[in-house]
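Reader: I would like to learn how to read a model of this kind, feature by feature. Could you take me through it with the coordinates in view?

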Amino acid sequence: MKRLLTILAVFISAVAQAQNETPWNYNAVNNAYDGLWPRGYFLLTRDTTRKNIMDENFNPVGDSGQLGYWHNRPWWRDNLGIWREFATLVDLSAYMKYSDSASMLIPYLRKADLPQFGISNQFSAAQNASFWISGQGRVDNAFRIATSTLPAAPLQVGTLPSYANLSIVAEGNIQTVPAIANEQAVTLGQMKDSLFGKAASVGELVLFGPPTKLVHVADTLRGGWFQWQASGIVDNGITFAGSSGYWRRIFDRRNVFVDWFGTFRDGTTDDLPAIQGAINAAHLNGYPNVHLSAFPYAISDDIVMRNGVNLIGAGIDKTVIVALPSTGTPPPVGAPDTWAIYGEGTVTQLPNLASNANPLDTSLALASSATVTQNDLIMIGDTTSFSYSAYRNYYRQGEYFFTTKSTTGTTIYSQNGLNGSYPTASTTVYKVTPITGSISDLTIDGKTYTIGIGIKHGMNYTIRNVKSINGNRGNINYYHCINSAIQDCYAVQLTQQVNPYGIVVANSQNIVVERNYAYGQSHGLTVGGIDSYPLVNRGIRVLNNTFLDSTTNGGRAIDFHGNVENSSIVNNTSYGAISTGGANNTISDNTVIMGSTKSYGVLLFEVRETSFNIKGNTFIFTGPVYETLGSGLAYSGSGSEKVGGEIRITGNKYLYRASTGSLTNTIYVALGSATTNTNVVIDGNTVIHPPTTQAHVGIIALGTSGSARFNNVKVTNNVLRYAGTRVDFSRHVQVRGNTIDSTNVHALYANRNGSLDISDNHAEGYGVAGGFNTAYFIINNGRVWFNGNNGGSTAASHAYKAYFTSDTALHIGINNIYGASNGTYNISGSYTAQNNSFPVGNLGIGIEAPVSTLDVNGSVSNAIATVTGNTTMTAAQHTLLVNNSGSVTITLPPAAGCRGRVYEVKKISAASNDVIIDGDGSETIDGATTKTLTLQWSSIRFRSNGTAWFIISSYASATTL
């Protein structure tokens, strides 16, 4: 037989009033007791096997299933014994749904039936009286409990249906009826333990003790239900002293309210004792959440967070924590390292290493035994200054890892391989007990007396929906944290003192900074290090934020220091520059707005390894003053690091608004003094200037002489408007598929590169008188391949469309470069031998459709020189004028080395002495070993077939030469 609980009504009133009150309103007309019970508790029937009383999420509440009506409000009690108030009477019916309609014992108790809640006693002809839970309009179908006699105060109950038990308590008199049909109730007598005490304030709890076991405190701020217990620890918020024993608050064991501990909530009187008391009590008892109301709370010192506690306000600008001014010696608030809210884990040093640890190692050998458990957090670090990077002494190699198993011994096992190298002489190992928890939904006003929030050695920590302003350093700070987040916060430094940052992340791993708004005079966000435990920042993800720096000092809105690696800055709006150092970082899909102060859109500095990906960003320069070297991106390569890797700058837009902006180079990648094997990819970028006469350069890849050269440089598929391109001192260079329109600067300038591929570009050099406006200016390179290009220059002077000089090997393919006052091509050499080739097919100069291999629509110039003595002709010569006073010999070069080459020799002297032309060694000229010019103005023209020389034309003023 199903066990059914019953309707329990507990009437609460002062003991003095108990004898004068009846629970019902007597209706003399109907001779019945009718109406709502103004006080009491009703225990509704429920199926214990199905647990069919539901909570607000329509989940079973467990074995209690009690509903109550107290001070004209409905309540329900969960299986933990916690009473909760319904929002409205209508909501009550939602708690009384059943999981199986077939087993419903009160089938008519539905939401539609319960706009009002009550118990009534009405007379009927069928039965003397009956009690039921009634819903408006459904009284006839309500569940009835029959009585054979009219009730009398305090209350007597007659027979019941066979399927129900009923217990009713009224001011200590309890009457029960067992589940036997028509059996009369038995009076059990006085039940003093069922009485509730009633107090106006928690201060009155000391007046109560056994036999009273339950007290209700009416105080709206600190009140509630309290249960007596023999032992406890007084915290004056959850547990209070009684006349004997202790009174412990009845609540859901998850949510602690600061106001229970006695707060002023006026923003001027110190509420720190109450706040700290609530946090300490929650931590001690394992309650996760501590709540602040929608009021201002003043604090005179740090709020110290405890492990496992979530501090929750009522919302930004609703709950406000206000720092009080300094009053003590030393001041409780105001010292440089005083926080509004602070939490810290603990660190225990383990034995030193017994042997060096290396990258990818999954175990550590310790010098002596240690005990660790699975998933312990271990911190390892090389304490030597500069052990990670040579830029700052506190850039030291270090990292967190988790253990894979519990051990006691000299070996610790890591879940993943190590990142760094750790020598035994300088490495320390620690076990960290991190602090966990969260801070959310509140405002902190530091009043310049405090730093905002500081969490050190936090794990799985979250700061969310927090507004922190007017800190005297950073507003929101993570130090040595792991697997934590800062989300949806507002962090603004309006009145800075030192280290004026909005958000700070230092020496941390796997941190998400997301959807925040942060401003600092120097940095809205800084990710760096402090001179403490050695840890490298790894896995920092900065997503969907808005950051600002000061518009007056050229600071950087987002700042990654030189000890940051494997991190990303993605989809943010930055009012100020972004800087990053370290290695293997990504900057993508951001909007960077540069104001009137000159700075860099992206600055790569303190670079340990040049593996950076800068892609898909939009940079807007309002001007008019720009950084000269690298307003869009700057990498100077300074420092002593031997850097390597690859810099990828792809798909970015650089938009300049000021028509009179200062001279700038947009993308500036230069090695400086660094030794490198770096590759550079600059692809798909757009640089747009308004029309200007400034000599802007859109892209510069600039190595230096010696070892500081880029390895491979690719400048491809970029669009530059009113800006040129320059590539110097690199080993292998590709400049392909670009559209380059420049003013007062060469559209493409390439100097002293090893090999150079210039293909499929469109380059225009717009004319400014006296300026440098050549479309392609190629000088002092090694092998040059020039093919598929078009464009030219419209300059009135200095306007060669393509200028090549002193290149070791020049290969000119099929190009379309047009119109110039000084000629389309200018190809020249210095002391370096030229080995140049032109494409297979026809080459036209000054003609669009050449019909010959070389088709020149215009003049052709060859080298001509005058000699007076013996001369051996070289590849740099073509025509010799011999002005001899005695016999001289002109020696031709070996025919094999200059197949097809033509030389001309002409005697211009009136002397009778001969000019003898001699082949190299035994080589012949028209079959003879020599030819002689005797007469003035005689000349011979020779061509080599690769084995000998042949006269193709001659001239004599008489019958002999």
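**Reading a predicted model**

Author: Let us start with a helix: helix 2 (residues 272-285) has 14 residues and reaches 20 Å from its first C-alpha to its last, close to the 20 Å expected at 1.5 Å a residue. Please keep in mind throughout that this is a predicted model.

Reader: What is the secondary structure of the whole protein chain, and how much of the chain is buried?

Author: The protein chain comes to 2 helices and 84 strands, and buried residues make up 52% of its 961 residues. Among the contacts between residues at least 6 apart in sequence, 61% join residues at least 24 apart.

Reader: Which residues of helix 2 are buried, and what covers them?

Author: The buried residues are Leu272, Ala274, Ile275, Gln276, Ala278, Ile279, Ala281 and Ala282. Their cover includes strand 19 (255-257), strand 20 (289-291), strand 21 (296-299), strand 22 (303-304) and strand 23 (309-312). Helix 2 is followed by glycine 286, whose phi is positive, near 80°.

Reader: Which residues other than glycine have a positive phi, and where are they found?

Author: Two cases can be set side by side. Asparagine 717, with phi near 60°, is found in the loop between strand 59 (710-716) and strand 60 (719-721), and it is partly exposed, with a relative accessible area of 46%. Aspartate 926, with phi near 50°, is found in the loop between strand 81 (915-918) and strand 82 (930-933), and it is partly exposed, with a relative accessible area of 39%.

Reader: How should I read strand 31, and which strands pair with it?

Author: One can look at burial and then at pairing. Of the 7 residues of strand 31 (residues 427-433), 5 are buried, so the strand is largely enclosed by the rest of the structure. Strand 26 (residues 346-349) pairs with strand 31 in the antiparallel sense over 4 bridges, while strand 28 (residues 377-382) pairs with strand 31 in the antiparallel sense over 6 bridges.

Reader: Where does valine 680 lie, and which residues does it touch?

Author: Valine 680 lies in strand 56 (residues 675-683) and is buried, with a relative accessible area of 0%. Not counting residues up to four places away in sequence, valine 680 touches Ile647, Val669, Phe710, Asn712, Val713 and Lys714. The C-alpha atoms of valine 680 and glycine 645, which are 35 residues apart along the chain, are separated by 8.8 Å.

Reader: Which backbone oxygens lie by the polar atoms of the arginine 249 side chain?

Author: The backbone oxygen of arginine 222 lies 2.8 Å from a polar atom of that side chain, and the backbone oxygen of glycine 237 lies 2.9 Å from a polar atom of the arginine 249 side chain. Leaving aside residues up to four places away in sequence, arginine 249 touches residues including Gly223, Trp225, Phe226, Phe240 and Trp260.

Terms used. Residues are numbered from 1 along each chain as its sequence is written. This is a predicted model: local features need pLDDT of at least 70, side-chain atom pairs count only at pLDDT 80 or more; totals for chains, interfaces and linings use all residues. Side-chain values use heavy atoms; hydrogens and water are left out. A polar contact is a pair of N or O atoms within 3.5 Å; within protein, one must be able to donate a hydrogen and the other to accept it, and residues adjacent in sequence count only if both atoms are side-chain atoms. Contact means heavy atoms within 4.5 Å. The expected span of a helix is 1.5 Å times one less than its number of residues. Buried means under 20% relative accessible area, exposed over 50%, partly exposed in between (1.4 Å probe, protein chains only). Two strands pair if DSSP finds at least two bridges between them.
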